[in-house]
Amino acid sequence: MAMESDSENWIADLRATGEQQAEALAKLNKILVGGLRRSFQGKGVDQAFCEDIAQESVLKILEKLDQFEGRSRFTTWAMSIAIRRAVSELRKKRYQNVSLNQLSDGEQLEIDVPDQSAEQPEQAEERRNVLLKLKELIEGKLSHKQRVALQGGLNGMTVDEVALHTGSNRNAVYKLIHDARQKLKRELEKDGYDAPTIQSLFS
Amino acid sequence: MPITDEQIKALVNMIASVQPDELDCDACSQHIAEFAETQLLGKTVDESQQAIQTHLENCHCCQAEFNDLLAALKGIEEE
């Protein structure tokens, strides 16, 4: 993909040496600090935090210059790296106090199947069948890690929170949950319960 | 304790809405800068960016990070 000339200039300046590089580094640092301040003001973040993150991000950006493909402007790409770093740092602080009660060992992902109901007996029976199947699938087809991740999600935890408490990372937890959802969907479909059907049963 | 009726409904929706080719968080992160520019310029999300939008709708963490990026980029021209 063709790179915008402004982005090309950034890359050239940052790859240069001496004063040319120093000026580019200072300019980039200033842009990142400004962006971080705009984004996190009022969220308990001070100037020192923004400056630290910007400085660390500039080093990271220099390391990753070869990975810039020009799909966005250089400054947008650089800012995305700084934001990710800031979010990661803030997440560590914010989630230190999240209760582990929200994330048990996954054994609590238990589905209570109600007795047969006299009201709308056909629909109630169908719902009951789906719940029985779901219960069987969760217990028999999902891994322990998948049950834990899914339970965290159902308890309102974000993937970052689950990741922090399970020593994992956002992407791995997202994939665990995604794979669990796919597995459950496939297995339910085998029994004739497609997506619209189960959604209408529990809407 | 068994999960609640609301959680069952949420679980059913999670199952029903899953797509086999969903982007994961790492892939979303690689494209988030260009997607942010699309949003800021008010351009229509094209087919190639649809997967990013879907991931952001499904992942609160990536959505929050995306919102932070948008806020940071607003005003970058004046820097």
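After helix α8 of chain A comes A:G192, a residue whose phi is positive, near 90°. This is a predicted model, where local features need pLDDT of at least 70, side-chain atom pairs count only at pLDDT 80 or more, and totals for chains, interfaces and linings use all residues. Residues are numbered from 1 along each chain as its sequence is written, while chains are lettered from A and ligands numbered from 1 in the order in which they are written.

**Helix α8 of chain A**

- Helices here are DSSP runs of H or I with at least four residues, strands are runs of E with at least two, and both are numbered from the N terminus.
- α8(A) has 21 residues and spans 30 Å from its first C-alpha to its last, close to the expected 30 Å, where the expected span is 1.5 Å times one less than the number of residues.
- Its buried residues include A:V173, A:Y174, A:I177, A:A180, A:R181 and A:L184.
- A residue is buried if 20 or more other C-beta atoms, placed from the backbone, lie within 10 Å of its own, exposed if 12 or fewer do, and partly exposed in between.
- An α-helix has 3.6 residues a turn, so residues three or four places apart point the same way.

**Where the chains touch**

- The contact takes 41 residues from chain A and 38 residues from chain B, with two residues in contact if their C-beta atoms, placed from the backbone, lie within 7 Å.
- On the chain A side, the elements giving two or more residues are α2 (18–40), α4 (74–94), α7 (159–166), α8 (170–190) and α9 (195–201).
- Which element of chain A gives the largest share of this side? That is α8(A), with 10 residues.
- This side of chain A divides into 16 nonpolar, 13 polar and 12 charged residues; Ala, Val, Leu, Ile, Met, Phe, Trp, Tyr, Cys and Pro count as nonpolar, Asp, Glu, Lys and Arg as charged, and the others, Gly among them, as polar.

**Chain B as a whole**

- Chain B has four helices and zero strands.
- The C-alpha atoms of chain B fill a box of roughly 55 × 25 × 20 Å, taken along the principal axes.
- Of the 79 residues in chain B, 34% are buried.

**A look at B:L56**

- B:L56 sits in helix α3 (residues 47–58) of chain B.
- Why is B:L56 counted as buried? Because B:L56 has 20 C-beta neighbours inside 10 Å.
- Leaving out residues up to four places away in sequence, B:L56 touches B:C62, B:Q63 and B:F66.
- B:F66 is 10 residues from B:L56 along the chain, and their C-alpha atoms are separated by 8.0 Å.
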